[in-house]
Amino acid sequence: MADYKPTEMMTVAAARALKNDDICFVGIGQPSAACNLARLTHAPDITLIYESGTLATKPTVLPLSIGDGELCETALTTVSVPEMFRYWLQGGRIKVGFLGGAQIDKYANLNTTVVGPYDRPKVRLPGGGGAPEIATSCGEILIIMAQGKRSFVDKLDFVTSIGHVSGGDSRAKLGVKTKGPTKLITDLAIWAPDPATKEMTVVSIHPGVTREQIQENTGWPVKLAAQVAETPVPTAKELDVLRELHARTNRAHAAA
Amino acid sequence: MARITSLADAIAMAVHDGDTIALEGFTHLIPHAACHEIIRQGRKNLTLVRMTPDLVYDQMIGMGCVSKLVFSWGGNPGVGSLHRFRDAVENGWPHKLELEEHSHAAMANAYEAGASGLPCAIFRGYIGGDLPKVNAKIKRITCPFTGEELAAIPSHRPDVAVIHAQRADRAGNVMIEGVLGVQKEAVLASKRSVVTVEEIVDELPERSLNAVVLPHWTVGHVVEVPGGAFPSYAQGYYPRNNSFYKQWDDIAKDRDSFQAWMKTNVLDKGPDAFVQYARKHKAAAE
């Protein structure tokens, strides 16, 4: 078995969730690594869009910010931010949105706003950014997050962006026509919504991870799907490309 | 009508205590030199509007210039927290900070509505989340034609917009290239504006027929400040200094180290401190 870290397994599993013909709204950090890994391996024609307005960008190193010059220089075109949010996101032209967060609940609602009460937060987080509308305007949502009791919580301190709300048809009842979160990829497993209840259930466990470990790092009773697969280990090629991407990125960011 | 002037004069004339001001630039072309000048001139009780507060607002908040922040994402991109922003919200240091929090889509729409002379922005957003519970300015409006419920917020109409651009000509026509953000909208939505540029040229260079140009009669003060966006970047001039963005995490984490840095690098300096960043890359390119 190849030697790899849990975060590498997470990034590789997330990259595999993307297809060559996807049009994807990319967030900074883990989503950006996963999307570019997909582009450099099995999905060379994937369209990556960053909220700075860069359409169909092909960065050689990962951007530190959402609007690094690298993104603009390698893009098909760059539009203004109002155009980005109006024509492209709100206009329904983006198939997949990629989100992360500080907290998630079992219906894949996300909190990136505060830990503790809004008026007297214990930790003031950066806030929603594009997420509230990405969550409802993209055709579907992929979420990438490392698991832990403080991040996988029974009740969010604040709902920054919705997933499946309170389950069942509650999302559709709000008038939202898009699918919402279809996959949650963590350092331990891949989760997907139950077709009826919409609660996120474990559909694939990463090699070497136990069901107990998943429960220990989740703040609600974990449900498993009827069929639970084992996630295939990262291939040598996936690991090589990912590590080379990170190495290139670190060199570039240290030099700038 | 554009007036070409010094940075100190432009800020003195355009930015007043108690103003609502928008320093814009979405990662690219963030007006750092102008931010430093506002701090040096000791402006107080400002309402700051900006999609991504970034280091500029972290500095202004930490230096006590700000009473209210209107924003949608308050982090250090790719690095983590804005510690001065957090200290103000979590501990009220140096004083309490009022928040009016939005999403990016809302902020972008509010600038566009402001530039369009409309009282409010209407868009499909804020569905199901908690932001409308903590921001009374987020309302719902029903489309009179389809019955669809949409989000509405007031348009942004700042007193002053402050932006950085690559070039202006001597008449004050301003040209912007690369990641455009909301700078054009911010200037057109505001009563007054200050535009710092990498260089003022006799004639704007050859450009695409659709290049973004703010005509001189839409711009207030134009100031040549080479390097004035550093550690943000100016496409075609110098790259984003990602290592400084990482260093800022340590500088700003602690109140004393923050104040010491601000004294050495802002209070005791002037706009010409930025020239080195422009010059360094010019030399590297030659």
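Trainee: In which loop of chain B is the place of Pro231(B)?

Mentor: This is a predicted model, in which local features need pLDDT of at least 70, side-chain atom pairs count only at pLDDT 80 or more, and totals for chains, interfaces and linings use all residues. Residues are numbered from 1 along each chain as its sequence is written, while chains are lettered from A and ligands numbered from 1 in the order in which they are written. The peptide bond from Phe230(B) to Pro231(B) is cis, with omega near 5 degrees. Helices (H or I, at least four residues) and strands (E, at least two) are DSSP runs numbered from the N terminus, and Pro231(B) is in the loop between β15 (221-224) and α8 (242-253) of chain B.

Trainee: Where in chain B is Pro94(B)?

Mentor: Trp93(B) and Pro94(B) are joined by a cis peptide bond, whose omega is about 0 degrees. Pro94(B) sits in the loop between α4 (83-91) and β7 (98-101) of chain B.

Trainee: Is Lys198(A) buried or exposed?

Mentor: Lys198(A) is not a glycine, yet its phi is positive, at about 70 degrees. This residue belongs to the loop between β12 (189-193) and β13 (200-205) of chain A. With C-beta atoms placed from the backbone, a residue is buried if 20 or more other C-beta atoms lie within 10 Å of its own, exposed if 12 or fewer, and partly exposed in between. Since 23 other C-beta atoms lie within 10 Å, Lys198(A) is buried.

Trainee: How many C-beta neighbours does Tyr126(B) have inside 10 Å?

Mentor: Tyr126(B), although not a glycine, has a positive phi of about 55 degrees. Its place is the loop between β8 (120-123) and α6 (131-134) of chain B. Tyr126(B) counts as buried because its C-beta neighbours inside 10 Å number 25.

Trainee: How are α1(A) and α2(A) oriented to each other?

Mentor: Axes are lines fitted to C-alpha atoms, for helices over the stretch in contact, and angles run from 0 to 180 degrees between N-to-C directions. The axes of α1 (residues 6-16) and α2 (residues 30-40) of chain A come within 8 Å and cross at roughly 55 degrees. Angles under 35 degrees count as roughly parallel, over 145 as roughly antiparallel, 65 to 115 as roughly perpendicular and the rest as oblique. The orientation of α1(A) and α2(A) is therefore oblique.

Trainee: Which residues of α2(A) make the contact with α1(A)?

Mentor: Two residues are in contact if their C-beta atoms, placed from the backbone, lie within 7 Å. From α1(A), the contact is made by Thr11(A), Val12(A), Ala14(A) and Ala15(A). From α2(A), it is made by Gln30(A), Ala33(A), Ala34(A), Leu37(A) and Ala38(A).

Trainee: How many residues of α1(A) are buried?

Mentor: The buried residues of α1(A) include Met9(A), Met10(A) and Ala13(A). Among the elements that cover them are α2, β12 and α8 (236-255) of chain A. Of the 11 residues of α1(A), the number buried is nine.

Trainee: Is the crossing of α4(A) and α5(B) left-handed or right-handed?

Mentor: The axes of α4 (residues 81-90) of chain A and α5 (residues 104-115) of chain B come within 8 Å and cross at roughly 120 degrees. A crossing is left-handed if the near helix is turned anticlockwise from the far one by less than a right angle, and right-handed if clockwise. For α4(A) and α5(B), the crossing is left-handed.

Trainee: Which element gives the most to the side of chain B that touches chain A?

Mentor: In this interface, 46 residues of chain B are in contact with 44 residues of chain A. The elements giving two or more residues to that side of chain B are α4, α5, α6, α7 (183-189) and α8 of chain B. With six residues, the element that gives the most is α5(B).

Trainee: Which residue in the turn between β9(B) and β10(B) has a positive phi?

Mentor: Strands β9 (residues 139-142) and β10 (residues 149-154) of chain B run antiparallel and are joined by four bridges. One bridge pairs Arg140(B) with Ala151(B) in β10(B). The two strands form a hairpin with six residues between them, and the turn residue with a positive phi, about 80 degrees, is Gly147(B).

How values were computed:
Pairing = 2+ DSSP bridges.
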